[in-house]
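Please look over the sequence and the three-dimensional structure shown here before reading on. The briefing is meant for someone meeting this structure for the first time.

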Amino acid sequence: MELPTQYLNPTLLRCYFFDGYALEPGRAMPERTVYDYELEYFVKSSGGIYIDGRFYPFKAGEMSLRRPGQVVRGVAPYACYTLCVDMLGNDKRAAGYEFGRPEEAQGDYGNPLLHSMPPRLKLKKPEMVEGLIRRIQEHGRMGGEADAFACKASLSLLLSEIFLETASALEGSIPPAVRAARDQIQQCFDQPLAVEALIKASGLSKAYFHRAFLRMAGVSPGGMIGQLRLEKAKNLLAMTDLPIGEVGGLSGYADGAYFSRIFKQRTGMTPQAWRSRYARR
């Protein structure tokens with residue numbers, strides 16, 4: 001399921017604190033399946049987590065970020081806050097929610113921000129993150145409407161910080177030539193633009209370029225070009241009276257018939273139908 005970023009609606013299902021320092025060092029917890037998006041912040045740790053069979057050691061000030069369907073197993077000792085989050089705003093699930101209880105997993109949504117979250121993230125601002133989590137836990141217990149709003153606002157701020165830190169960490173690991181290709185796409189997507197030319201200019205192999213670009217942007221180079229062209233076309237259709245063919249041309253499509261066909265494939269509507277529904281009159 002594709003989940004555009006503008007439709008992300010994070011809602012807290014459960015926030016709890018676990019202190020495993022009373023356990024024998026090296027003791028492994030029972031293996032379990034992750035059913036929701038989980039954010040685990042380590043207050044202190046000399047242990048770690050197995051995620052899909054790979055062991056990740058954790059230290060204080062780091063986060064474990066997990067998606068539905070993953071299999072995890074903690075190894076003591078560590079103390080952490082764990083937040084279980086529904087990304088579609090289904091707050092009714094929070095009533096009677098039990099951590100770890102088998103249930104139908106959320107979708108592993110095709111969203112670039114969610115997919116970019118690494119299994120382990122070393123935070124630049126751990127004090128701020130811990131403060132947000134404490135605030136989420138405090139307001140999540142209260143139950144009033146104002147507290148529910150404060151809880152949701154703090155959760156959204158927490159996720160935005162995680163996404164920004166993830167993007168910053170990822171940016172440093174991406175070859176400059178790939179970042180330059182992304183910048184060129186963002187600036188020139190509505191002009192003739194060949195992905196093969198971008199790859200050739202990068203000096204990288206085709207396979208490596210695509211892997212690095214996908215890791216950075218959550219979408220292929222061609223996918224990014226298509227998304228940007230489609231968004232520009234939607235805006236032009238809604239805000240102008242330009243002919244359909246001219247809208248396609250200004251959005252980067254030289255062939256009007258091809259533009260109309262691609263537009264309908266991706267939106268389920270013809271350009272004219274989109275304009276009729278969304279035009280700002």
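What follows goes through the cores, the strands, the aromatic rings and the charged pairs in turn.

The model is a predicted one. Its largest nonpolar core has 28 residues, and the structure also holds eleven salt bridges and eleven aromatic pairs.

**Nonpolar cores**

- In the largest nonpolar core, which has 28 residues, the ones with the most contacts inside the core are L39, L83 and L158.
- Two or more residues of this core come from each of strand 1 (11-19), strand 3 (37-45), strand 6 (62-66), strand 8 (78-86), helix 2 (126-142) and helix 3 (145-173).
- Helix 3 is the element that gives the most to this core, with six residues.
- Leaving aside residues up to four places away in sequence, L158 touches L39, L83, V129, L132, I133 and I136.
- There is also a second, separate core, made up of 16 residues, and L170, I185, F209 and F213 are among them.

**Strands and their pairing**

- An open sheet is formed by four strands in the order 2-7-4-5, and the pairing in this sheet is antiparallel.
- At its edges are strand 2 (32-33) and strand 5 (54-57), each of which pairs on one side only.
- Strand 4 (residues 48-51) pairs with strand 5 over four bridges in the antiparallel sense, and I49 stands opposite Y56 in strand 5.

**Aromatic rings and charges over them**

- The count of aromatic pairs comes to eleven, and ring pairs link Y253, Y258, F259, F263, W274 and Y278 into a cluster.
- One ring of that cluster, Y253, has the charged end of R229 sitting over it, 5.6 Å from the ring centre.
- Elsewhere, K44 lies over the face of Y21, at 4.4 Å from the centre of the ring.

**Salt bridges**

- Side chains of opposite charge can pair when their charged atoms come close.
- One of the eleven salt bridges in the structure is the meeting of the side chains of K125 and E161, at 3.9 Å from N to O.
- Because K125 lies in the loop between strand 9 (120-122) and helix 2 while E161 lies in helix 3, this pair ties together parts that are 36 residues apart in sequence.
- K125 is partly exposed, with a relative accessible area of 42%, whereas E161 is buried, with a relative accessible area of 11%.
- Another salt bridge joins the side chains of R134 and E130, at 3.0 Å from N to O, and both residues lie in helix 2, four residues apart, which is about one turn of the helix.
- R134 counts as partly exposed at 45% relative accessibility, while E130 counts as buried at 16% relative accessibility.
- E196 forms a salt bridge with K206, in which the closest N and O atoms are 3.2 Å apart.
- This pair links distant parts of the chain, with E196 in helix 5 (residues 195-202) and K206 in helix 6 (residues 206-217), ten residues apart.
- E196 is partly exposed, with a relative accessible area of 47%, and K206 likewise counts as partly exposed, at 48% relative accessibility.

How values were computed: Residues are numbered from 1 along each chain as its sequence is written. This is a predicted model: local features need pLDDT of at least 70, side-chain atom pairs count only at pLDDT 80 or more; totals for chains, interfaces and linings use all residues. Side-chain values use heavy atoms; hydrogens and water are left out. A nonpolar core is a set of buried Ala, Val, Leu, Ile, Met, Phe, Trp, Tyr and Cys residues joined through side-chain atoms within 4.5 Å. Buried means under 20% relative accessible area, exposed over 50%, partly exposed in between (1.4 Å probe, protein chains only). Contact means heavy atoms within 4.5 Å. Two strands pair if DSSP finds at least two bridges between them. Rings of Phe, Tyr and Trp (its six-membered ring) pair if their centres lie within 6.5 Å; planes under 30 degrees apart count as stacked, over 60 as edge-to-face and the rest as tilted. A charge sits over a ring if NZ of Lys or CZ of Arg is within 6 Å of the ring centre and within 35 degrees of the ring normal. A salt bridge is a side-chain nitrogen of Lys or Arg within 4 Å of a carboxyl oxygen of Asp or Glu.
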